[in-house]
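Open the structure in your viewer and keep the selection tool ready. The stops below say what to select next and what is there.

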Amino acid sequence: MASLRDALPKLKNYFKDNYIPQVCEALLCGLLVTFPEDPLKYLEAMIMMIMEHGLERLIWDMCVHPSMKPKIRRLSETYLEQLFGLDDQLVTPELMVKACTFYTGNLVKNHFYSWKELTMPRANEEAVKAEKLEKAVTHDKFRCKRFYLLLWHNYVQQNKQRLKFTLFRIQKMFCVHRQKIILAKWRDIAKHRGKTREDDLMSKHELQLKKWKVKLKVKTTEETITPEKSSSDITIEEVPIEFDISELPERAIVQIFLYLSLRDTVTCGQVNRSWMSMIQRGSLWNSIDFSTVKNVSDKCVVSTLQKWRLNVLRLNFRGCVFRPKTLKAVGHCKNLQELNVSDCTSLTDESMRLISEGCPGILYLNLSNTTITNRTMRLLPRCFHNLQNLSLAYCRRFTDKGLQYLNLGKGCHKLIYLDLSGCTQISVQGFKNIANSCTGIMHLTINDMPTLTDRCMKVLVEKCPRITSVVFIGSPHISDCTFKALSTCNLRKIRFEGNKRITDACFKCIDKNYPNINHIYMADCKTLTDGSLKSLSPLKQLTVLNLANCVRIGDSGLKQFLDGPVSIKIRELNLSNCVLLGDTSIIKMSERCPNLHYLSLRNCEHLTDLGFEYIANILSLISVDLSGTVITNEYD
């Protein structure tokens, strides 16, 4: 195995990758220089040293003692590569001879031709110069022709473009002129037809009026004195006085027509010219309600909005089904302030984009039960800078990211009222996004939301301290912790219903933190007891209390409640289905509630006729509900 030149590539790579030539070279050099007494032990020791230092740091004299190393310069990396035949880049003698022969021949050839050109006279030198000159002239002419051709091409292209633009302008002018002629003729024909129709209507009205007068005259002649009637029985019939409503003050006319629906108002305009002029007053069209009109056409909606676009302040499309192009006409109402498009199945994000571009001054926006997505949520802070009331109830297409968009641009920091009822897709992160975007919320409504938890309210209240009223109907997972979180707010109104996690501790929190509360609605909260009423007795501003279906409340709790200063201002009290109440409660009410207007004691079975006698002493009562009680006919 003297050489590996003809070996397999796998074997060659194995020798190179494992540094076998270098290891053998180092070991042989060590043996040749040091002459160890025990070569095997020497080789074992050197191999251990090589393993410690690593193959990457291996050199040919590593196994030689420093004092015995020869002081000569290395000519190559290793001497054994040539021995093993692994030196692929080393030149063999045959190749060296060929290279030298080629190099020498090339030098001789180059120098010979150079010597030949210098020593031998050049033949036909003038002819060569003339040929080169002719080529140069031909090239110059070709270059000039190409340059001028390019200029001419550009000039022609510019003329074509100018001619095309001129032709386009002529066509446009022709179309505009033709449209003006058509519109002028159409306007003249329309005026003529309208005048003809009005004249026909007037003639019909005059003819009808003449018929009525003839009938009235015949009737009066028939009712003249008969032989049976005496002169004392004759009565002079008064002739009805004709009255023109258009002579009334404008304010009175507007107030009269405001009682009419949209369809009736349009119908009144078809009576005559006088009535038409009356309904043309702009104040009549400040508020348009399309939700009360059945089978209204898209064309009618578009024409109405285009005609009164500068007067419309409030629009109601609740439950209407229009084409998206019809809702586009809303964008023409530049002064629109209130828009209700709830339950509009045809409302899309594109429709809202068109509306937002034309109505930047909207203050009230109702989008409940529509199919809007995050695209519409992104439009709200960018286009409706003055938005104060927003309803997204039962809109389940937007996500938490859509609520994050409310902080874009100028944001929705002027928002006061927010309705998120039925939006079960909102998570804790969504409420955190609302808190970052709408810090000025005062009225919060979240009904029919079983996913609402105390943690959601906690992250919301942290940055919304101005909340004054909360409505959580159908949110069973809200507990007393929510009221602790709301302690930083000045609550005035609370509405809960059907919650089993709220206890008497909630009312203790109300007593301590909400001294100005005036409305408490805690219906169907069956865990509340008499202790809750005792906690509410110090509230001096409370006017409305609804504890219907709170079956654990009895006479003792109500007595403690009425003994406090709260009884002076209480105006509405609903204790329906509080079956533990008896006559003692009625007696106490008659003594302590001078301003009670509305009282409901429905299904309170323990009340008797004796207690009902004291109800007459409450002189301020306007309405009393005693259905389901055992009152007898004597007091019915």
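Start with the aromatic rings: the count comes to 7 aromatic pairs, where rings of Phe, Tyr and Trp (its six-membered ring) pair if their centres lie within 6.5 Å. This is a predicted model, in which local features need pLDDT of at least 70 and side-chain atom pairs count only at pLDDT 80 or more, while totals for chains, interfaces and linings use all residues. Residues are numbered from 1 along each chain as its sequence is written, and side-chain values use heavy atoms, with hydrogens and water left out.

**Stop 1**

A pair of aromatic rings is described by the distance of the centres and the angle of the planes. Planes under 30 degrees apart count as stacked, over 60 as edge-to-face and the rest as tilted.

Select Phe-147 and Tyr-148. Their rings form an edge-to-face pair, 5.5 Å centre to centre and with 70° between the planes. Are these two residues buried or exposed? Buried means under 20% relative accessible area, exposed over 50%, and partly exposed in between (1.4 Å probe, protein chains only). Phe-147 is partly exposed at 47%, and Tyr-148 is exposed at 55%.

Now select Phe-483 and Phe-496. The ring centres are 5.2 Å apart and the planes are at 35°, so this pair is tilted. Phe-483 lies in helix α17 (residues 480-485) and Phe-496 in strand β9 (residues 493-497), so the pair ties together parts that are 13 residues apart in sequence. Helices (H or I, at least four residues) and strands (E, at least two) are DSSP runs, numbered from the N terminus. Phe-483 is buried, with 0% relative accessibility, and Phe-496 is buried with a relative accessible area of 0%.

Then select Phe-290, Phe-317 and Phe-322, which ring pairs link into a cluster.

**Stop 2: helices α2 and α3**

Select residues 20-34 (α2) and 39-53 (α3). Their axes come within 11 Å and cross at roughly 135°; axes are lines fitted to C-alpha atoms, for helices over the stretch in contact, and angles run from 0 to 180 degrees between N-to-C directions. That makes α2 oblique to α3: angles under 35 degrees count as roughly parallel, over 145 as roughly antiparallel, 65 to 115 as roughly perpendicular and the rest as oblique.

Which residues of α2 and α3 make the contact? From α2 they are Val-23, Leu-27, Gly-30, Leu-31 and Thr-34, and from α3 Pro-39, Tyr-42, Leu-43, Met-46, Ile-47 and Ile-50. Contact means heavy atoms within 4.5 Å. By class, this contact has 9 nonpolar, 2 polar and no charged residues (Ala, Val, Leu, Ile, Met, Phe, Trp, Tyr, Cys and Pro count as nonpolar, Asp, Glu, Lys and Arg as charged, and the others, Gly among them, as polar).

**Stop 3: helices α15 and α16**

Select residues 428-437 (α15) and 454-461 (α16). The axes come within 8 Å and cross at roughly 20°, and the two helices are therefore roughly parallel to each other. Val-428, Phe-431, Lys-432, Ile-434 and Ala-435 of α15 meet Arg-455, Cys-456, Val-459 and Leu-460 of α16. The contact of α15 with α16 has 7 nonpolar, no polar and 2 charged residues.

**Stop 4: Thr-529**

Select Thr-529, in the loop between β10 (519-523) and α19 (530-536). Thr-529 is buried, at 18% relative accessible area. Leaving aside residues up to four places away in sequence, Thr-529 touches Asp-504, Arg-552 and Ile-553.

**Last stop: the whole protein**

Clear the selection. The protein has 23 helices and 14 strands, and of its 636 residues, 35% count as buried.
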